[in-house]
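The following exercises are to be worked through with the sequence and coordinates at hand. Each task is followed by its solution in steps.

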Amino acid sequence: MDYLVESLWQALILISTLDRQLLQIIVTSLYASICGVLIASCLGIPMGVLVGLKQFRGRRLIITLLNTLMALPTVVVGLILYGLFSRQGPFGSLGLLFTPTAIIIGLSILTAPLIANYSLTVVVGADQRILTTATTLGASPLQAKLLLIREIRFGVVAAVVVGFGRAISEVGVAMMLGGNIRGSTRTMTTAIALETSKGEFAFGLALGIILLLVALLVNLLLNYFQQKT
Amino acid sequence: MRYLIKPLLICTFLFFSSVCFAQERLVLATTTSTENSGLLQILLPPFEQQNNIQVHVIAVGTGQAIKIGERGDADILMVHAKAQEEAFVAAGFGVERFDLMYNDFVILGPTADPAGINESNDAVAAFNKIVASGVPFVSRADMSGTHIMEKQLWQMAGIEPQGRWYVESGRGMGEVIQMTTEMQGYTLADRGTYLAYLGKTDLIIVVAGDERLFNPYGVIAVNPQRHPHVNKQGAEALIDYLTGQQARDLIRGFSINGQQLFFVYD
């Protein structure tokens with residue numbers, strides 16, 4: 001037990017002094033996750049809304065596909081993109097492997113189905129009378145849909161939060177596509193994995209605590225905005 | 001859509017700024033022993049400052065590092081499996097192999113030494129004793145330089161390692177030392193990583209000094225004829241630096257707990 005208490009104490013010291021190395025890792029993590037989730041949102045939300053509102057052939061298939069993709073293992077995304085981004089792969093000339101950009105692309109692929117699926121559920125669950133009411137009051141179909149999205153914005157934000165949660169906590173994509181490069185692609189999760197392997201439990205623990213704090217902070221912020229609107 | 005425009009703009013800006021303001025980049029694929037021991041954090045900064053190059057270190061097993069080099073995903077390799085390195089150069093993937101430094105492998109075991117190896121200097125005999133005792137042996141099993149060395153030793157001992165006692169972990173050196181500590185078994189480790197973990201493990205060296213346990217590190221630039229995109233100048237500059245006097249002094253002066261980890265050729 002002493003050992004754990006000792007590590008925890010060192011972790012708290014590391015956090016309070018805000019070690020420069022630690023800070024850089026946190027920034028990299030946030031940067032990659034936020035960019036990844038923003039791209040995923042731009043893809044996922046419209047897709048979810050579209051599939052939720054429109055009736056068309058193959059809709060059930062797309063929903064099943066989205067559900068399946070939610071279970072996409074992070075290492076599989078990592079593996080496929082690794083093959084694509086490697087110099088031997090089709091996108092090799094872009095030189096993306098082992099860069100933050102590769103992580104961002106991986107994270108957006110990982111979280112887009114999640115966000116789409118949650119958005120879809122929210123849209124389906126919303127009061128569909130909004131659409132008819134809006135159109136009878138003279139709104140164009142597009143305006144009516146925007147109104148609907150406005151009405152369900154809490155749910156959509158929740159979808160984005162879930163995506164962010166997955167992005168910031170995953171380790172497979174960041175490790176395989178980023179390469180865990182100090183000062184460049186080392187994220188909180190890959191750093192925790194590395195520090196554990198090095199036996200530096202205090203540093204790993206400090207990062208673990210910060211990871212949770214960041215999640216808490218993001219949720220508090222969103223909560224604040226939700227109550228404000 | 002109004003809500004989306006601002007975050008999108010910020011995102012694109014961040015995206016491009018990270019691309020545009022980047023320093024010259026040199027990707028070094030290396031083994032976990034050089035990075036985890038802390039050597040590279042001492043060795044690389046002077047080079048980075050002198051040449052205004054940022055060295056991006058990918059620390060993996062030697063086998064994986066060589067694969068990364070073959071695919072052209074790194075500019076330069078720093079690894080420790082001489083036969084594989086020479087094959088890499090012979091196949092045209094690398095320009096030339098340069099000797100960098102060396103240390104040795106050691107066999108680690110619990111203080112009680114249940115296999116009764118008793119601080120010998122015969123690695124092959126020790127492997128036989130470990131098998132006879134049935135005490136767990138933790139293997140890297142990841143085609144790292146250490147794993148390749150281990151396989152050669154099993155071959156010399158005439159043993160095909162398999163069974164409950166043979167733990168194929170597939171993990172890095174540090175993790176394997178920790179696993180071995182937890183399981184109170186035996187393992188083969190490079191001395192540098194073991195010294196770096198001294199405070200975190202109670203394993204002791206049971207075999208050292210066998211000349212078959214020599215562990216040379218080499219550095220190879222990835223061949224620009226094979227992969228035209230590689231940072232040729234950067235890789236050449238790094239090799240010049242690493243084989244030069246300043247780097248040799250840094251390697252010689254690098255120690256943990258008063259013990260020198262790596263040695264340079266005179």
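A polar contact is a pair of N or O atoms within 3.5 Å; within protein, one must be able to donate a hydrogen and the other to accept it, and residues adjacent in sequence count only if both atoms are side-chain atoms. The model is predicted, so local features need pLDDT of at least 70 and side-chain atom pairs pLDDT 80 or more, while totals for chains, interfaces and linings use all residues. Residues are numbered from 1 along each chain as its sequence is written, chains are lettered from A and ligands numbered from 1 in the order in which they are written, and side-chain values use heavy atoms, with hydrogens and water left out.

**Exercise 1. Describe the interface of chain B and chain A.**

Step 1. Count the polar contacts: twelve residue pairs, both at pLDDT 80 or more, are joined in this way between chain B and chain A.

Step 2. Two or more residues each come from α1 (2-20), β1 (24-30), α2 (32-36), β2 (53-59) and α8 (173-183) of chain B. The most come from α1(B), which gives seven residues.

Step 3. Sort that side by class: it has twelve nonpolar, ten polar and six charged residues. Here Ala, Val, Leu, Ile, Met, Phe, Trp, Tyr, Cys and Pro count as nonpolar, Asp, Glu, Lys and Arg as charged, and the others, Gly among them, as polar.

Step 4. Apply the contact rule (heavy atoms within 4.5 Å). Chain B brings 28 residues to the contact and chain A brings 30 residues.

Step 5. Take the buried area, that is, the accessible area (1.4 Å probe) that two parts lose on being put together, summed over both. The value is about 2,500 Å², with 56% from carbon and sulfur atoms.

Step 6. Look for salt bridges (a side-chain nitrogen of Lys or Arg within 4 Å of a carboxyl oxygen of Asp or Glu). The rule finds three across the interface. In one salt bridge, K200(B) pairs with E200(A) at 3.0 Å, N to O.

**Exercise 2. Is H80(B) buried or exposed, and what does H80(B) touch?**

Step 1. Locate the residue: H80(B) lies in the loop between β3 (76-79) and α5 (82-90) of chain B.

Step 2. At 5%, H80(B) is buried.

Step 3. List the contacts. Leaving aside neighbours within four places in sequence, they include T31(B), S33(B), F105(B) and N215(B). The side chains of H80(B) and N215(B) form a polar contact of 2.7 Å.

**Exercise 3. Which residues does T193(B) touch?**

Step 1. T193(B) sits in helix α9 (residues 191-196) of chain B, and its relative accessible area of 2% makes it buried.

Step 2. Not counting residues up to four places away in sequence, T193(B) touches S33(B), M173(B), G174(B) and I177(B).

Technical notes. Helices (H or I, at least four residues) and strands (E, at least two) are DSSP runs, numbered from the N terminus. Buried means under 20% relative accessible area, exposed over 50%, partly exposed in between (1.4 Å probe, protein chains only).
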